[in-house]
Each structure stands twice: as structure tokens, then as C-alpha cells.
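Here are my notes for a colleague opening this one for the first time. Have a look at the picture, then walk through the points below.

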Amino acid sequence: MKKEFSVSIIVCTYNRRRLFNECFESLLNQSYPKDNYEIIVVDSSEDFSEELIKNYKEKAERHGIMLKYFYQEPKGLAAARNLGIKNARGEIICFIDDDCIADRFWVEKLVEGFDNERVGGVGGKILIYSQEGLINYLPGIDQYSLINDWSCIAGANMAYRRDVLEQIGGFDPLFKFGGDDNDVAIRVKLRGYTLKYNEGAVIYFRHRSNLRELIRQQYGYGIGFSRLGKKYPNLQMRRAIFLLLIKLIWNIATFPECLMKKDKKQILRRVINVIVVLSYLTGVISGYISVRYPEEKIIPCDFKFFKPLADDFLKEKIKNKFRLR
């Protein structure tokens, strides 16, 4: 018989009330038994009020769900997630971002992934929420590849055993601009646990709605990426950066062909991809120059489990990108 784990869902929000409200509604309507999961909200928004908490708790009670709602001064997503973990009672802790919407079977399918005790973390499928304008030309998030090729789980759709998170000390609050989810996945793997993908655990992710927000987001991700390289000096981040450069070159090289074909969709997609990669790489460079990581917290370990370190992995990625035969 399958074990029915107790579950805590943690969602952290910051100044995105409308998006959070839609996320919250999706969490109230999960197929998982209502008496066996709780929702934990860590709110750092400027419009936070006791009246808001009251309204959310009343709504959760009508659905028969326990809601724990906390306010925390803005300290970054990692610190907010740690506050949620500290107050969680579930054996499995599921994480979702406030700009996402969970499929009705999201929790149920994430929990199914923990089918043996060596599975430390599970990630699900991330689909792009259909919106008008720029959003339709942004790249998706390939969670399958992140987990199976890169040994990471995107924080928008991830779950971990609570005792595993406690073993590794939770999220690193020094990752204030992104990368905290990658860091956790690395430390879970270093403990000997496996990461698993379950495509049935679906969430719908919203990209940033305008160019300025998108650039700022990718720049922050780049800073977080550089912090990973400083925390794990043997991670050989240059290999991953090389793949980003290949992606950049490919988008630029194929741009004239799209112009000749007058393919508006592909033209815009190439332009957005170039902006995303350049913003990310700028963040990486800025992070390496300006962001320091405490020497006493550096982890000098090997990464035999990390596939991108292998030359044949790189060759395959490049081959696929350029469709070489």
C-alpha cells in the first residue's frame, strides 16, 4: 500500500497580490486529502495586513484546510522558505512560487514520486501559462532536463522530505537573487539522495510580463549562478557558461534565416532568447566581480553525479542545438 504522507505547501510572496491570490485558490482545491496537507504562506508584501490574514484563513477554513500565515521583512526567497520550513509539520514539503498556478493533482503527483526512502526530492512539469504579448515568445522551463541532466530542481515546482531539508540546514539565505533551489538540490545529492521527475505534477508558470522585469529577473538569476560557482569551486561553471554562449551564438546565427522567411514568431523568439542570455551572463559577470561568499562556507567537493561536467554531454548538447548529423 502507498504511504499517505502528511504535506506542507510553502508559498512565499512579495508584492504580487493578484498573482498570489490565483496561486492560493489553486492550492485550496487539491485532490490530496484536505486533512492531510497544510498551506504555509510567508508574506513580505507592502500591503500586508491582519485583515488580509483573516480573509485568507476564513477561506482556507471553508475548504477544511489548515493555513499558517506569517509576515517577514524582505530578506530574500531563501530566508522566507526557511521560515516556512521551521513552521511546517508535513513529512513532505512542497514549494510553489506565487506567480504559478497548481494543477488539481499537483500535490498528489509530487508525493507519489517519493516511492522509496532514497528519493530526497521530486520536481514536476512546468508549463507556461498562456498570456498575451511578449510572454508567448519566451522559452519554457524544461524540468525533466534540469533534474536528469543538471541534477537541479526548479523552485517553482519542487518537493523535498522535511527531514532531508533539516539534515542539510535548509536553504542558504546568502542566495538572495536566485540559485537557492540549485544549491539545495546539490546538497541533497551530496548527501546520497536522488532527485526524481514526475511529469504528472503540473504547475503553470507566468513569465515576467514586460521586458524590464524579465531583464531584472534574468540578471538576478545570473548573480545567483555566480554565487554557486563561488560556494562550489569544483563545479566548473565554465562548462555551463559555454552552453549559454552556444545558445546565444545559435540564436544570432539563425536570425537572418528567420528574417528571410519573414517568420515573425521566430524572429521575436530569437530576440527574446538573446536578451535573456545576455541579461543572465551580465548577472554572472557582475556576481563574480562584486559578490563575495564567506570562505568558511565554501564546499570543495567533487561532482561525479553532475552530468554537464562530462565532455560527451557537452558534445551532445551542441550537436542537438545545431542539428548536426
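Which residues in α1 meet which residues in α2?

1. **The two helices.** From α1 come R17, F20, N21, F24, E25 and L28, and they meet L52, Y56, K59 and A60 in α2. By class, the residues of this contact divide into six nonpolar, one polar and three charged (Ala, Val, Leu, Ile, Met, Phe, Trp, Tyr, Cys and Pro count as nonpolar, Asp, Glu, Lys and Arg as charged, and the others, Gly among them, as polar). Contact here means heavy atoms within 4.5 Å.

2. **What you are looking at.** This is a predicted model, so local features need pLDDT of at least 70 and side-chain atom pairs count only at pLDDT 80 or more, while totals for chains, interfaces and linings use all residues. Residues are numbered from 1 along each chain as its sequence is written, and side-chain values use heavy atoms, with hydrogens and water left out. Helices (H or I, at least four residues) and strands (E, at least two) are DSSP runs, numbered from the N terminus.

3. **How the helices cross.** α1 and α2 (residues 50-62) pack at an angle of about 25 degrees, and their axes are 11 Å apart. Axes are lines fitted to C-alpha atoms, for helices over the stretch in contact, and angles run from 0 to 180 degrees between N-to-C directions. The two helices are therefore roughly parallel to each other (angles under 35 degrees count as roughly parallel, over 145 as roughly antiparallel, 65 to 115 as roughly perpendicular and the rest as oblique). The crossing of α1 past α2 is right-handed, meaning that the near helix is turned clockwise from the far one by less than a right angle.

4. **The sheet.** Trace the eight strands in the order β3-β2-β1-β4-β7-β6-β8-β5: they form an open sheet with mixed pairing. Two strands pair if DSSP finds at least two bridges between them. At the edges stand β3 (66-71) and β5 (100-102), each with a single partner strand, so one side of each has no neighbour in the sheet. From one strand to the next, the twist averages 30 degrees.

5. **β1, β4 and the helix on the sheet.** β1 (residues 7-13) and β4 (residues 92-97) run parallel and are joined by six bridges. Opposite V7 you will find I92 in β4. Helix α1 (residues 17-28) packs on the sheet and touches β1, β2 (37-43), β3, β4 and β5; its direction makes about 170 degrees with that of β2.

6. How many residues of β6 are buried? Seven of the 10 residues of β6 (residues 119-128) are, so this strand is largely enclosed by the rest of the structure. Buried means under 20% relative accessible area, exposed over 50%, and partly exposed in between (1.4 Å probe, protein chains only). Nine bridges pair β6 with β8 (residues 194-205) in the parallel sense, whereas three bridges join β6 to β7 (residues 157-161) in an antiparallel run.

7. **α3.** Seven of the 10 residues of α3 are buried too, so this helix is largely enclosed by the rest of the structure. The buried ones are A78, A79, A80, R81, L83, G84 and I85.

8. **Around E91.** E91 sits in the loop between α3 (77-86) and β4 and is partly exposed, at 32% relative accessible area. R162, in helix α6 (residues 162-168), is 71 residues from E91 in sequence, yet their C-alpha atoms are 5.4 Å apart. R162 touches A88, R89, G90, E91 and I93, leaving aside residues up to four places away in sequence.

9. **Two positive phi values.** S151, which is not a glycine, has a positive phi of about 55 degrees; its place is in the loop between α5 (143-148) and β7. K262 is also a non-glycine residue with a positive phi, near 55 degrees, and lies in the loop between α10 (255-261) and α11 (264-290). Buried or exposed? S151 is buried, with a relative accessible area of 4%, while K262 counts as exposed at 73%.
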